[in-house]
Amino acid sequence: MLEISFIPAFKDNYIWLLTRGDRAAVVDPGDAAPVAARLAAGGLRLETILVTHHHADHQGGIAALAAEWHPTVFAPALESITGCTHPLSGGEGLTVLGEACQVLALPGHTLGHIAYRFAGAVFCGDTLFGAGCGRLFEGSPAQMADSLGRLAALPSDTRVYCAHEYTAANLHFAAAVEPE
């Protein structure tokens with residue numbers, strides 16, 4: 001079983017750390033420094049980087065991490081991702097730290113946005129947040145609605161690992177829009 005923890009970055013980003021023994025994978029490493037510090041502190045070896053989309057706060061740390069650990073870098077094929085070694089479009093099956101992982105295409109926030117689904121968990125980048133969803137930068141409302149529908153169709157016990165902590169702001173907005 002994978003252990004999952006988060007590494008805080010920037011103002012409100014989550015970089016997700018997946019570990020099994022001394023092996024590690026990270027999701028959306030926008031900043032290399034906190035990831036490198038956590039890896040060193042835990043005596044961990046970075047094997048895999050999973051990237052959901054091209055925004056800098058999700059991929060900015062890849063080059064420095066790749067220079068140090070030479071991990072496999074999975075990322076959206078439709079987007080320009082620094083250091084991508086394995087481009088993905090959705091529908092692929094991967095093995096990450098010995099665990100099966102399904103790649104989901106989730107266009108909306110960006111056109112090539114993808115998510116990574118493990119048994120009981122989904123790393124959905126900027127598609128879904130606590131009490132909200134991601135902004136549309138490139139995709140259409142119809143694409144985002146379809147992507148959210150794909151996430152809603154996952155088993156109800158699926159843990160959702162989003163890439164930012166926006167819950168309080170999203171709830172404040174919801175209360176302003178629908179005060180009753």
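Two rings of Phe, Tyr or Trp count as a pair when their centres lie within 6.5 Å, and in this predicted model such pairs tie Phe6, Tyr14, Trp16, Phe118, Phe123 and Tyr161 into a cluster.

View 1. Across the model, the ring rule gives 8 aromatic pairs. Here the centres of Phe6 and Tyr14 sit 5.1 Å apart, with 70 degrees between the planes, making the pair edge-to-face. Phe6 has 39% relative accessibility, so it counts as partly exposed. Tyr14, at 17%, counts as buried.

**View 2. Phe123 stacks with Tyr161.** The ring centres of Phe123 and Tyr161 are 4.8 Å apart and their planes meet at 15 degrees, so this pair is stacked. Phe123 belongs to strand β10 and Tyr161 to strand β13 (residues 159-162), so to speak a link between distant parts of the chain, 38 residues apart. Phe123 is buried at 1% relative accessibility, and Tyr161 is buried too, at 13%.

**View 3. The largest nonpolar core holds 20 residues.** Leu18, Leu94, Val96, Tyr116, Phe118 and Phe123 have the most contacts inside this core. Two or more residues come from each of β2 (13-20), β3 (23-27), β7 (93-96), β8 (99-105), β9 (114-118) and β10 (121-125). Apart from this core lies another, of 18 residues, with Ala9, Leu17, Leu65 and Val73 among them.

**View 4. A look around Phe118.** Leaving aside residues up to four places away in sequence, Phe118 touches Leu2, Leu18, Leu50, Val96, Glu99, Ala100, Cys101 and Phe123. Phe118 also turns up in the ring cluster, alongside Trp16 and others.

Key
Residues numbered from 1 in each chain as written. Predicted model: local features only at pLDDT ≥ 70, side-chain atom pairs only at ≥ 80, totals over all residues. Heavy atoms only, no water. Core = buried A, V, L, I, M, F, W, Y, C linked by side-chain atoms within 4.5 Å. Buried < 20%, exposed > 50% of the residue type's maximum accessible area, 1.4 Å probe, protein only. Helix = DSSP H or I, 4+ residues; strand = E, 2+ residues; numbered from the N terminus. Contact = heavy atoms within 4.5 Å. Phe/Tyr/Trp six-rings, centres within 6.5 Å; stacked < 30°, edge-to-face > 60°.
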